[in-house]
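Student: Could you walk me through reading salt bridges in a model like this one?
Tutor: Gladly, let's look at it together.
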Amino acid sequence: ERERERERMDSETQKKISETVMEILRNSDMEEMTEYKVRKEAADKLGIDLSEPSRKKFVRQVVESFLQEQQQAQAQAQAQNQNDAVEEEEQEEEEEEEEESNTRRSDGKEYDEEGDLILCKLSEKRRVTLQDFRGRTLVSIREYYKKDGKFLPTSKGISLTADQWSNFKKNVPAIEKAIQR
């Protein structure tokens, strides 16, 4: 019976040592802390001599266990961060595909958020569109801005009637000649 009592006290002592060592480790700067410092601080807190070989070994096991848990937690956090980044990228791609599919109609032509036919994209923010305005067909060359994932037209640009477009088209060779000088 005395042997069992000693074992029980030993397990209680181990529990106290383990809890104290873990608390010290959680509250320590791991760049500065050493096993010796942990053991000394725990011995001071508990009033127990932890330099005895079996106790020294036990403290080492607790410290190693703590360090392994930290490494695993860090690895899991890195894996989670990578997963989050991949998921975010996939979500952005899906949104872009959805946005693109929303602007294409069954006729295969692309339309902007206002329902105007996109004739060409001069740049990411500049487009040439064909629109109906008050019963007139207009060719619009304008800048767009992005809001809530949608490209919307700005007031910067010009809208030409069919006659104005025709006149502009006739003068394109003269414009090109002037540019090449």
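Tutor: Buried means under 20% relative accessible area, exposed over 50%, and partly exposed in between (1.4 Å probe, protein chains only). The model is predicted, so local features need pLDDT of at least 70 and side-chain atom pairs count only at pLDDT 80 or more, while totals for chains, interfaces and linings use all residues. Residues are numbered from 1 along each chain as its sequence is written, and side-chain values use heavy atoms, leaving out hydrogens and water.

Student: Which side chain meets Arg39 in a salt bridge?
Tutor: Side chains of opposite charge can pair when their charged atoms come close. Here the partner is Glu35, at 3.7 Å, N to O; a salt bridge is a side-chain nitrogen of Lys or Arg within 4 Å of a carboxyl oxygen of Asp or Glu. Glu35 is partly exposed at 22%. Helices (H or I, at least four residues) and strands (E, at least two) are DSSP runs numbered from the N terminus.

Student: How many salt bridges does the structure hold?
Tutor: Six. Another one joins Asp44 and Lys40 at 3.8 Å, N to O. Asp44 is exposed at 58%, whereas Lys40 is partly exposed at 43%.

Student: Where do Arg126 and Glu143 lie?
Tutor: Arg126 is in strand E2 (residues 126-133) and Glu143 in strand E3 (residues 136-147), 17 residues apart, so this pair links distant parts of the chain.
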